[in-house]
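Subject: Structure handover

Dear colleague,

Here is the structure I said I would pass on. My notes on what turned up in it follow below.

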Amino acid sequence: MAGELLITAPRVVPGTGEPAILEPGYVLVTDGRVAEVGRGTPPRRPDLALGSGYLVPGLIDLQVNGYFGVSLADVEPAGWALVARRLPETGTTGFLPTFVTAPVAEMSHALRCASVLVPDPPACARVLGVHMEGPFLAPTRAGAHRREWMVTPTQATIANLMTAGAGALRVMTLAPEVEGGLAAVAALASAGVVVSVGHSDATAQQVAAAADAGARMVTHLFNAQRPLHHREPGVVGQALTDPRLTSGLIADLTHVAAAACAIAFAAAPGRICLVTDASAAAGMAPGRYRLGGKLVEVRPGDGQAPRLADGTLAGSVLRMDRAVANAVAAGVGLAEAVAAATRIPADVLGRPDLGRLKPGAAADLVWLDDDLRAQATWVAGERVYPAGAVSA
């Protein structure tokens with residue numbers, strides 16, 4: 001986007017740490033990048049003066065299986081375009097389409113198709129790569145994944161997936177305790193893939209060994225993993241105490257209770273990133289949808305959580321702006337909650353140009369109202385939501 005845009009707001013949350021909140025504040029955008037962030041009176045008359053709420057960096061979601069009726073694993077161009085175009089309604093400006101466990105040949109094909117879709121399309125959320133959740137998972141911690149499609153990693157399989165996903169594969173969730181798991185962690189990490197421990201029955205010692213081998217993340221903390229025990233801390237205990245590991249957290253208050261969200265933020269400050277784990281049911285009416293080859297149902301009045309027929313949670317219908325609001329309601333500071341949805345996931349991906357409002361960063365912005373719901377969203381300084389004029 002060419003030209004300048006100056007926005008003022010009662011509160012600006014830069015996402016960079018200090019100062020945590022500018023009251024009031026302004027952001028100057030030049031040619032799609034942040035040129036200046038400041039407190040108080042701006043250098044000239046603003047182009048847009050927000051009368052309420054918060055101006056924050058664009059939200060980044062590292063785990064999106066689908067949305068708006070679309071399963072992203074189908075890698076259908078029109079479906080991806082729909083999701084990327086509409087996610088800014090939730091404040092999301094960057095995301096990782098996530099492929100859950102499927103036969104290896106199907107996952108390789110999906111990665112090859114995705115590699116041509118990853119470049120940023122205009123006027124929508126950025127596609128930041130692909131998150132593969134499987135197939136190297138622990139059957140005892142399958143969750144909604146199909147056990148019969150899980151396999152142990154081999155050198156050939158890893159090479160196949162990395163070749164197929166060249167330019168697209170950014171995060172791989174695996175269980176490091178399975179046969180060949182640590183070798184897979186090392187191979188993927190050395191190739192620049194962010195390795196995340198998930199759907200795992202690993203002990204704390206095994207998770208530490210995975211971090212030694214290059215793992216840097218834990219997928220949906222507390223869910224589908226060995227829990228914290230006072231004699232065996234498990235995946236959860238190691239995730240919360242190992243400074244090398246950043247944990248994704250589904251803060252829909254169904255997957256994780258409010259008190260557990262607060263515990264995670266308190267135990268691992270700066271190492272929690274909010275994710276939705278959204279499925280095709282997100283943004284849709286209650287009904288039946290598909291996830292990873294299984295039928296899931298969202299029933300009215302049960303918290304809108306997709307579940308298998310046996311009651312197993314199967315993804316979510318969470319919005320990223322709601323994840324921030326839920327974290328704040330659980331007692332997390334606003335600046336910390338915003339960072340968990342912006343700077344921290346950007347840092348996991350090695351993207352210092354995203355997730356923060358500072359000179360030189362991409363001008364991805366969200367106006368959150370006083371209830372922390374997205375009212376307007378900009379990507380590279382261009383407003384992508386709403387379609388009409390912004391009422392400030």
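Tyr67 has a relative accessibility of 3%, so this residue counts as buried (buried is under 20% relative accessible area, exposed over 50%, partly exposed in between; 1.4 Å probe, protein chains only). Phe68 is buried as well, at 8%.

Before the rest, some notes on the basis. This is a predicted model, in which local features need pLDDT of at least 70 and side-chain atom pairs count only at pLDDT 80 or more, while totals for chains, interfaces and linings use all residues. Residues are numbered from 1 along each chain as its sequence is written, and side-chain values use heavy atoms, with hydrogens and water left out.

Back to the two rings. A search of the whole structure finds one aromatic pair (Phe, Tyr and Trp rings, the six-membered one for Trp, with centres within 6.5 Å; planes under 30 degrees apart are stacked, over 60 edge-to-face, the rest tilted). The ring centres of Tyr67 and Phe68 lie 4.5 Å apart with the planes at 45 degrees, so the pair is tilted.

On the chain as a whole: the protein chain has 10 helices and 22 strands (DSSP runs numbered from the N terminus; H or I of at least four residues for helices, E of at least two for strands). For 392 residues a compact globule would have a radius of gyration near 21 Å, and the 20 Å of the protein chain agrees with that (taken over C-alpha atoms; the rule is 2.2 Å times the number of residues to the power 0.38). The C-alpha trace spans about 60 × 45 × 45 Å along its principal axes. Of the 392 residues, 55% count as buried.

Among contacts (heavy atoms within 4.5 Å) between residues at least 6 apart in sequence, 68% join residues at least 24 apart.

Two local items remain. Helix α8, residues 320–329, is mostly covered, with seven of its 10 residues buried; these are Met320, Asp321, Ala323, Val324, Ala325, Asn326 and Ala327.

Thr377 sits in strand β21, residues 374–379. With a relative accessibility of 0%, Thr377 counts as buried. Leaving out residues up to four places away in sequence, Thr377 touches Pro88, Gly91, Thr93, Leu365, Val366, Glu382, Arg383, Val384 and Tyr385.

Regards
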